[in-house]
Structures are given as structure tokens and as C-alpha cells.
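Here are my notes on the chain, as numbered points. Please read them with the coordinates open.

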Amino acid sequence: MDKFDNSDFLFYFDHPAVPGLPPALGSAKLWEMEDDNSYLKYLYPQITRQISEFVEEECDKLEYDGSIMFDTYPDRTALQVMAAGISRKFKEKYPDAYPNQDKLLRDMVEVVLFHEIMYRRNRYRNHKRLYL
């Protein structure tokens, strides 16, 4: 066997996992995306931030390979059922929010849920690309 050549070792780590985007810059983009998302959530109206907490809690439970959140085409009905469950939990904690406007609350939860899923799908895909 030949002696291990250090230059061969460097060759493998010289090239980024994502063509044209070195891992250091790729991870910086992920941090930038995280910062943007956090700041924009900070700008949400108070009730939307409260809804977002419930949505994030549910999405945390779904953050695994094979989850509906990462399906190519998530089932609309399943997402609507999830939104209904979030709405119900939200109303239990904040019964005075959106009085007599359950449809409006449900629509708001769906919008926040779909945005959170889109954000997490994007983060998941970009994170996987760093380690191909």
C-alpha cells in the first residue's frame, strides 16, 4: 500500500458539497434566513405572534424525515385538520380572541401554519444540501 498522501485528503475537502457555494457561505445564508424569519415574526401583530407560538409547537412535532411537512405535495385536508386543532387549542387559552369569528381565526392559523411549513421545508432542504 502507498503511503497516505495529505494532498489527496485536502482534495476531498477543498470542494463544496453544493457546487458554486462553499459550505461556510451556505451556512451563513442559513443563519441569515433564520435572522430574517425571527425579525419578521417579531413584526407580527401581537395576536399573530400568539398564534405563531401554537403553530411552532405543532410544527416541532412534525420535524422528522417522512413527515407530512416534508411531503412534496402535503395533503390539504390533513393540514386543515391540523389548523383546526391549533385553533381549538388557541381558543382554549385565549377565549376572548376573535369572538364570534371562528372562521377568521381558522384562516389566520392556516396562513401562519402554511408559512411556517414553507419556512421549515426551505430550511430542511438547504441544510441537507450543505452535507451532501
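Which side chains meet in a salt bridge with an N to O distance of 3.0 Å? The pair is Asp107 and Lys103; point 4 returns to these two residues.

1. Basis of the model. This is a predicted model, in which local features need pLDDT of at least 70 and side-chain atom pairs count only at pLDDT 80 or more, while totals for chains, interfaces and linings use all residues. Residues are numbered from 1 along each chain as its sequence is written, and side-chain values use heavy atoms, with hydrogens and water left out. The confidence score pLDDT is given by the predictor for each residue, from 0 to 100. Its mean over the chain is 81, and 75% of the residues reach 70 or more. Over residues 4-16 pLDDT stays under 50. For that stretch the model has four contacts beyond four places in sequence, a contact being heavy atoms within 4.5 Å.

2. Fold and surface. The chain has five helices and zero strands, in the order α-α-α-α-α from the N terminus. These elements are DSSP runs numbered from the N terminus, with at least four residues of H or I for a helix and at least two of E for a strand. Of the contacts with a separation of 6 or more, 68% are between residues 24 or more positions apart. Of the 132 residues, 31% are buried; buried means under 20% relative accessible area, exposed means over 50%, and partly exposed lies in between (1.4 Å probe, protein chains only). The chain exposes about 9600 Å², and carbon and sulfur atoms supply 57% of that area. Accessible areas come from the Shrake-Rupley method with a 1.4 Å probe, and for residues only the protein chains shown count as cover.

3. Nonpolar core. A nonpolar core is a set of buried Ala, Val, Leu, Ile, Met, Phe, Trp, Tyr and Cys residues joined through side-chain atoms within 4.5 Å. The largest one has 20 residues, and those with the most contacts inside it are Ile51, Val55, Met82, Ile86, Val109 and Leu113. Two or more residues of this core come from each of α3 (46-61), α4 (76-93) and α5 (102-130). Leaving aside residues up to four places away in sequence, Val109 touches Ile51, Val55, Ala83, Ile86 and Ser87.

4. Salt bridges. Side chains of opposite charge can pair when their charged atoms come close. The rule applied here is a side-chain nitrogen of Lys or Arg within 4 Å of a carboxyl oxygen of Asp or Glu, and by it the count comes to 11. Asp107 and Lys103 are separated by about one helical turn because they are four residues apart in helix α5. Asp107 is partly exposed at 31% relative accessible area, whereas Lys103 is exposed at 60%.

5. Bridges between helices. Glu34 and Arg123 pair at 3.5 Å, N to O. This bridge links distant parts of the chain, with Glu34 in helix α2 and Arg123 in helix α5, 89 residues apart. Glu34 is partly exposed at 27% relative accessibility, and Arg123 is partly exposed at 21%. Lys41 and Glu56 form another bridge, with their closest N and O atoms 2.7 Å apart. Lys41 is buried at 13%, while Glu56 is partly exposed at 27%.

6. Network and Glu116. A network of salt bridges links Glu34, Lys41, Glu56, Asp60, Glu63, Glu116, Arg120 and Arg123. Glu116 lies in helix α5 and counts as buried because its relative accessibility is 3%. Apart from residues up to four places away in sequence, Glu116 touches Lys41, Val55, Glu56 and Cys59.

7. Surface patch. Tyr39, Leu40, Tyr42 and Leu43 form a nonpolar patch with about 470 Å² of accessible area together. Patch residues have over 30% relative accessible area and no salt bridge; like charges are joined within 9 Å, and nonpolar side chains (Val, Leu, Ile, Met, Phe, Trp, Tyr) within 5 Å. Leu40 lies in helix α2 (residues 23-42).

8. Backbone angles to check. Tyr98 is not a glycine, yet has a positive phi of about 50°. Asn100 likewise has a positive phi, near 60°. Tyr98 lies in the loop between α4 and α5, and Asn100 lies in the loop between α4 and α5 as well. Tyr98 is buried at 16% relative accessible area, whereas Asn100 is exposed at 81%.
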